[in-house]
Amino acid sequence: MNLCIDARPLQNGHCTRGVGILVANLLREMASILPEQEVTLVTQQGAVPTPIFAHERRLQTFRLERPNRFNWLADHLLLSGRLRSSGVDLFLATDLNSYLASAPGLKVVAMAYDLIPFLFPEVMASQPLPVRLGWRINFGKLKHAAALIAISQATKNDLIRLFGIPAERIRVIYPAIDHNLFNPANAANLDNRAEVLGRYGISGRFLLYVGDSEWRKNLRRCLEALAGIEPAVKLVLVGKRALTDQVLHGWLDELGLRQRVVLTGFVPDAELPLFYGAALAFLFPSLYEGFGLPVAEAMACGCPVITSNLSSMPEVAGDAGLLVKPARMTEIQAAMHQLVTDEALRRRLQSAGIARAARFSWARTAAETIELLREVAVG
């Protein structure tokens, strides 16, 4: 197969978010499995990623910094022709801007992460017209891809229901986590833990939340639930927006939780296992996730998880977490109370979570992706 992969999520706004993390780890593992494979990487101007594959070339595209809402249009009009003229015949589209329709001489395998704009009309309505148009045109191309990779069964179900894509053209391939970082040994490093938590002003018993106050993350209900839990238990909120988010500060004042919530701001990945290892439980009752990497990270570190019974979260947590209806604050609160007071339950979920998280490895993700690409190439 003459393979081309869109590597731009390593350079654009996705680079520090879930999509960028997924693409970076996937390509690294693919390069390990395919040491002799020649690969073309689509990149953009600016800082160029270091070489990933032993035998790679670059196909650079131009990207607007501002207004970047029009970048999808260049891919829509130009990318397919540039790929074919470069000699590639199989394209892995990793960014929604690069979704293309398969055409003579070019087969497309597209990665679908979530369909939030089509599931929540208010998200679509909140965007400028060029963004809404780009979403509709680009996601519409998924119907014409040779194959799709859905990062969860929930995303696959959404693709079938919303776009009418045949189930046999969609392969569920789960993302993974870095087990060299997120593991019980790193989480249990007591010397490092004391130093790091002390630096952030954290002491005593606490529950952990990693994220921001975006509506679908459901932080408001977590705070409401905390208000009914014993006052000695705090909530540590890790997220780079936490210190500047005025909505969040308003909630804390309204609920009288200023003294019970620790706002750390951004925490480097290398320190996150220490937070997971020290927490009584990890809160992730999101209203919707394409996959939910933090759930797997927490479980891998032996941190009991409270998460949603909706979308992809049950696929990640299985029976190793407490599943709640995220719209019901009382269910979140009851789960929090269980894990605060029941040490035996915490120990059971710790053990079950470590075993569950072991399923999500990047080697497995890469091997399954390569298998699909080969099937499409010869099909």
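At 25% relative accessibility, does Ser-311 count as buried, partly exposed or exposed? Ser-311 counts as partly exposed, on a scale where buried means under 20% relative accessible area, exposed over 50% and partly exposed in between (1.4 Å probe, protein chains only). The views below come from a predicted model, in which local features need pLDDT of at least 70 and side-chain atom pairs count only at pLDDT 80 or more, while totals for chains, interfaces and linings use all residues. Residues are numbered from 1 along each chain as its sequence is written, and side-chain values use heavy atoms, with hydrogens and water left out.

View 1. Two strands pair if DSSP finds at least two bridges between them. Strand E4 (residues 90-93) and strand E5 (residues 107-112) run parallel and are joined by 4 bridges; Leu-92 has Val-109 of E5 as its bridge partner. Axes are lines fitted to C-alpha atoms, for helices over the stretch in contact, and angles run from 0 to 180 degrees between N-to-C directions.

**View 2. The largest nonpolar core and a second, separate core.** A nonpolar core is a set of buried Ala, Val, Leu, Ile, Met, Phe, Trp, Tyr and Cys residues joined through side-chain atoms within 4.5 Å. The largest core has 100 residues, of which Met-30, Leu-83, Phe-91, Leu-159, Leu-208, Phe-275 and Tyr-276 touch the most other members. Helix H1 (residues 18-33) gives the most to this core, with 7 residues. Met-30 touches Leu-3, Ile-5, Phe-53, Ala-366, Thr-369, Ile-370 and Leu-373, residues up to four places away in sequence not being counted; contact means heavy atoms within 4.5 Å. The second core comprises 30 residues, including Ile-229, Val-233, Leu-248 and Leu-322.

**View 3. Helix H12 (residues 293-300) and the buried Cys-303.** In H12, 8 of the 8 residues are buried, so the helix is largely enclosed by the rest of the structure. Among the elements that cover the buried residues of H12 are helix H7 (184-187), helix H11 (272-278), strand E11 (282-284), E12, H13 and H15. Just after H12, Gly-302 takes a positive phi of about 80°. Cys-303 is found in the loop between H12 and E12 and has a relative accessible area of 2%. Leaving aside neighbours within four places in sequence, Cys-303 is in contact with Tyr-276, Ala-279, Ala-281, Phe-282 and Ala-298. The C-alpha atoms of Cys-303 and Ser-351 are separated by 9.1 Å, although these residues are 48 residues apart along the chain.

**View 4. Two residues with positive phi that are not glycine, Asn-218 and Ser-311.** Asn-218 has a phi of about 70° and lies in the loop between strand E8 (206-210) and helix H9 (219-226). Asn-218 is buried, with a relative accessible area of 4%, and touches Pro-285, Ser-286, Leu-287, Pro-326 and Ile-332, not counting residues up to four places away in sequence. Ser-311 has a phi of about 45° and lies in the loop between strand E12 (305-308) and helix H13 (313-317).

**View 5. The crossing of helix H14 (residues 329-341) and helix H15 (residues 343-357).** The two axes come within 5 Å and cross at roughly 100°. H14 and H15 are therefore roughly perpendicular to each other, a class that spans 65 to 115 degrees. Gln-338, Leu-339, Val-340 and Thr-341 of H14 make the contact with Glu-343, Leu-345, Arg-346 and Leu-349 of H15.

Technical notes:
Helix = DSSP H or I, 4+ residues; strand = E, 2+ residues; numbered from the N terminus. Parallel < 35°, antiparallel > 145°, perpendicular 65-115°, else oblique.
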